[in-house]
Amino acid sequence: MPRKFWLLILGAVVNATGSAFLWPLHTIYIHDYLGKSLSVAGMVIMLNSAASVVGSLAGGALYDKIGAFRTIVLGIAIDLLSLAGLTIWHGWPQYPFFLLFIGLGFGIVHPAMYAFAGELWKEGGRRAYNALYVAINLGVAVGSALGGMIASLSFDYIFVANLLLFIVFSMMVVIGFRDAGGQGKAGGVRRQGPETGNDHKYFAALLILCFGYLLCCIAYSQWTTTIATYTQELRVSLKQYSLLWTINGLLIILGQPLLNLFIRAFMRTIKKQMVAGLVIFIASFYIASISEHFYGFAAAMAVLTVGEMLVWPAIPTVADQLAPKGKEGFYQGVVNSTNTGGRMIGPLLGGWLVDKFNMQVLFNVLMFLFVIAIVTSLTYDKGLKKGAVIRAKDAASMKD
């Protein structure tokens with residue numbers, strides 16, 4: 001890996017750690033400390049996600065216009081000002097106000113980092129996105145664990161710790177990437193580019209792929225909403241439920257090298273990797289649907305984690321390969337906004353299905369969503385000329 005790619009990975013860990021101090025505790029803080037209803041808390045989080053969607057699309061487009069460094073610095077500036085304000089004023093209504101801008105800044109930074117990863121390690125292919133995916137999850141695992149400990153002392157410390165880590169991330173970006181200048185283009189010709197007049201076909205392929213990704217994110221979000229509530233009804237303790245996410249984080253961090261060996265041996269195309277992951281997703285939700293105890297849900301989470309390790313890094317990899325030259329950032333912005341959109345829609349859809357029907361109906365619907373995602377994964381590139389989208393180095397990873 002190039003030295004600057006390692007710096008980007010380290011920055012991603014620091015950024016994710018700081019963010020994970022706060023985001024798992026939003027509902028608890030709004031409900032228990034600010035005295036607002038769960039509905040109000042849900043609305044605040046939805047507005048934060050909506051701002052992140054807007055930021056993702058803006059950040060991707062800005063990456064293509066002004067480059068990685070300026071885009072990331074802009075997102076950081078918005079987040080720094082918002083976090084500083086939140087550290088000083090975290091009452092009501094300041095909390096949702098600052099949270100809105102935190103979502104906007106985070107949305108700008110995230111797709112720029114993914115597009116920048118493809119730029120810094122061009123020959124890395126899917127390995128670049130695997131590395132960034134693992135780094136972010138490492139930060140989430142560390143931040144979530146430390147956040148609970150810090151919050152038990154005082155919530156005020158959470159805001160301070162989040163701000164300090166973001167200052168560290170800001171310094172890493174300014175010092176490490178200032179020579180990136182205004183150019184954020186990956187360089188190298190992937191195909192003939194905009195002058196072919198067929199860019200709409202590549203964007204249509206991305207939209208088909210992202211539709212399946214949206215369905216996956218809707219289903220995945222149930223683990224933090226409806227399935228979380230369902231486990232409580234089955235007398236799975238909160239401590240045990242938290243342990244499920246520890247399992248998730250440890251498997252991602254420790255299991256990725258072994259999974260990479262398996263992928264190289266048996267799944268030499270991105271498409272095979274995605275379909276295998278989606279089938280594993282279906283298996284995990286089936287296991288969860290018949291589970292009545294902690295160990296059943298732990299098994300479902302372990303299987304789910306293997307599926308996400310196959311699918312989640314594959315999506316930005318394909319988006320990078322589909323992107324016309326000069327639109328890499330915009331395509332990553334669409335991918336990131338799809339993820340956030342799924343997390344917005346998922347809790348509403350899942351809650352409605354459980355209230356209207358029951359959990360078993362929800363599980364059946366979720367498994368059907370993955371079936372649709374398999375179809376989109378198999379067909380998203382059917383309208384493209386064989387091999388036209390691919391950089392020569394990555395040709396093997398895109399063919400059927």
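**Helix by helix through a predicted model**

Not counting residues up to four places away in sequence, Ser52 touches Gly103, Leu104, Phe106, Gly107 and Thr340, where contact means heavy atoms within 4.5 Å. The model is predicted, so local features need pLDDT of at least 70 and side-chain atom pairs count only at pLDDT 80 or more, while totals for chains, interfaces and linings use all residues. Residues are numbered from 1 along each chain as its sequence is written, and side-chain values use heavy atoms, with hydrogens and water left out.

Ser52 belongs to helix H3 (residues 38–66); helices are DSSP runs of H or I with at least four residues, numbered from the N terminus. Ser52 counts as buried because its relative accessibility is 4%; buried means under 20% relative accessible area, exposed over 50%, and partly exposed in between, with a 1.4 Å probe and protein chains only.

Helix H1 (residues 3–22) is mostly covered, with 16 of its 20 residues buried. Its end C-alpha atoms are 30 Å apart, which agrees with the 28 Å that its 20 residues should span at 1.5 Å a residue; the expected span is 1.5 Å times one less than the number of residues.

Ser289 lies in helix H11 (residues 270–290) and is buried because its relative accessibility is 8%. Its side chain reaches the backbone oxygen of Tyr286 at 2.6 Å. Apart from neighbours within four places in sequence, Ser289 is in contact with Tyr230, Gln360 and Phe363. Tyr230 is itself one of the buried residues of helix H9 (residues 226–233), together with Thr226, Ile227, Ala228 and Thr231. Just after H9, Arg235 takes a positive phi of about 65°.

Leu251, in helix H10 (residues 238–266), counts as partly exposed because its relative accessibility is 31%. Leaving aside neighbours within four places in sequence, Leu251 is in contact with Gln256, Ala302, Thr305 and Met309. Leu251 and Met301 are 50 residues apart in sequence, with their C-alpha atoms 9.9 Å apart in space.

On the surface, Val160, Leu164, Ile167, Met171, Val174 and Ile175 form a nonpolar patch with about 520 Å² of accessible area together. Patches are made of residues with over 30% relative accessible area and no salt bridge, nonpolar side chains (Val, Leu, Ile, Met, Phe, Trp, Tyr) being joined within 5 Å and like charges within 9 Å. Ile175 lies in helix H7 (residues 155–177) and counts as exposed because its relative accessible area is 56%. An α-helix has 3.6 residues a turn, so residues three or four places apart point the same way.

Technical notes:
Accessible areas come from the Shrake-Rupley method with a 1.4 Å probe; for residues, only the protein chains shown count as cover. A salt bridge is a side-chain nitrogen of Lys or Arg within 4 Å of a carboxyl oxygen of Asp or Glu. Helices (H or I, at least four residues) and strands (E, at least two) are DSSP runs, numbered from the N terminus. A polar contact is a pair of N or O atoms within 3.5 Å; within protein, one must be able to donate a hydrogen and the other to accept it, and residues adjacent in sequence count only if both atoms are side-chain atoms.
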